[in-house]
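Please keep the sequence and the coordinates in view while reading.

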Amino acid sequence: MKRVAILISGSGSNMVALAESMVGDHPARPVLVLSNVPGAGGLAKAEALGIPTALVDHKRFGKDRAAFEAALQAELDKVQPDILCLAGFMRVLTEGFVSSWEGRMLNIHPSLLPKYRGLNTHARAIEAGDAEAGCSVHEVTAELDGGPVLGQARVPILQGDTADTLAARVLPMEHRLYPAVLRRYAAGDRTPLHLP
Ligand code: GAR
């Protein structure tokens, strides 16, 4: 059984989708939900699901990213995960941390990578006049949102869409895509998955 730690900063809806998928014959189980934001909505959701939680508030470390990541690593060391899932974790990790987890760390990003790395993805897709948007699950490498894509799901961009209406169309696809990719990944399958 693979052990999965999920890193969050916010409401944790992707974390819930991942955690609820890891049952039955799934090859992995959630062992920790770790937030860098005190009071992140996902922490209470994890507790309600009976998953251990931890908080490493990045603000305590100021600009010292190495110290922040050492504290993250210390929490991870306690539970010995095989796989890290970033799920709305909104801190950029240093090359040192990323390389120590390379090949074992996934992220979900709300765009059809390689388009729109970084923030404000939906507004940028609408602004560009794109006909479709979506989400990608990728392996995390030192290049921001640049690692190998393991799965993508697409939705249409409709006339009159705002960043919010588009995000509301993409998020349910995130909740389908990420668990599907994690299940394959935990079983050693890295072939890209395309939804729907
Ligand atoms: C999701 O839309 C995820 O794709 C995005 O943050 C949201 C988190 O929602 N992630 C990023 O933008 C990463 N750069 P959630 O906390 O409800 O899962």
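The paragraphs below treat the sheet, the helices on it, a pocket and a cavity.

The model is predicted, so local features need pLDDT of at least 70 and side-chain atom pairs count only at pLDDT 80 or more, while totals for chains, interfaces and linings use all residues. Residues are numbered from 1 along each chain as its sequence is written, and side-chain values use heavy atoms, with hydrogens and water left out.

An open sheet of 8 strands runs in the order β3-β2-β1-β4-β5-β6-β7-β8, with mixed pairing. Helices (H or I, at least four residues) and strands (E, at least two) are DSSP runs numbered from the N terminus, and two strands pair if DSSP finds at least two bridges between them. At the edges lie β3 (53-55) and β8 (193-195), each of which pairs on one side only. From one strand to the next the twist averages 20°; axes are lines fitted to C-alpha atoms, for helices over the stretch in contact, and angles run from 0 to 180 degrees between N-to-C directions.

Strand β1 (residues 2-8) pairs with β2 (residues 28-35) in the parallel sense, over 7 bridges. Arg 3 has Arg 29 in β2 as its bridge partner.

Helix α2 (residues 41-48) packs on the sheet and touches β1, β2 and β3, contact meaning heavy atoms within 4.5 Å. The direction of α2 makes about 155° with that of β3. Helix α6 (residues 163-186) also packs on the sheet, touching β1, β2, β4 (83-86), β5 (105-109), β6 (132-139), β7 (149-156) and β8. The direction of α6 makes about 155° with that of β7.

Next come the spaces. On a 1 Å grid over the protein atoms alone, a cavity is a set of points where a 1.4 Å probe fits but cannot get out, and a pocket is an open set with protein on both sides within 12 Å along at least five of seven lines; lining residues have an atom within 4 Å of a point. Grid points are joined across faces, edges and corners, and a volume is the space filled by probe spheres set on the points.

The largest pocket has a volume of about 770 Å³. Of its 34 lining residues, Phe 89, Met 90, Asn 107, Ile 108 and His 109 lie nearest the centre. Elements giving two or more residues to this lining are α1 (13-21), β5, α5 (121-127) and α6; β5 gives the most, with 3 residues.

A search of the whole structure finds 1 cavity of 30 Å³ or more, and the largest cavity has a volume of about 50 Å³. Its lining includes Pro 110, Tyr 116, His 122 and Glu 132, and α5 and β6 each supply at least two of the lining residues.
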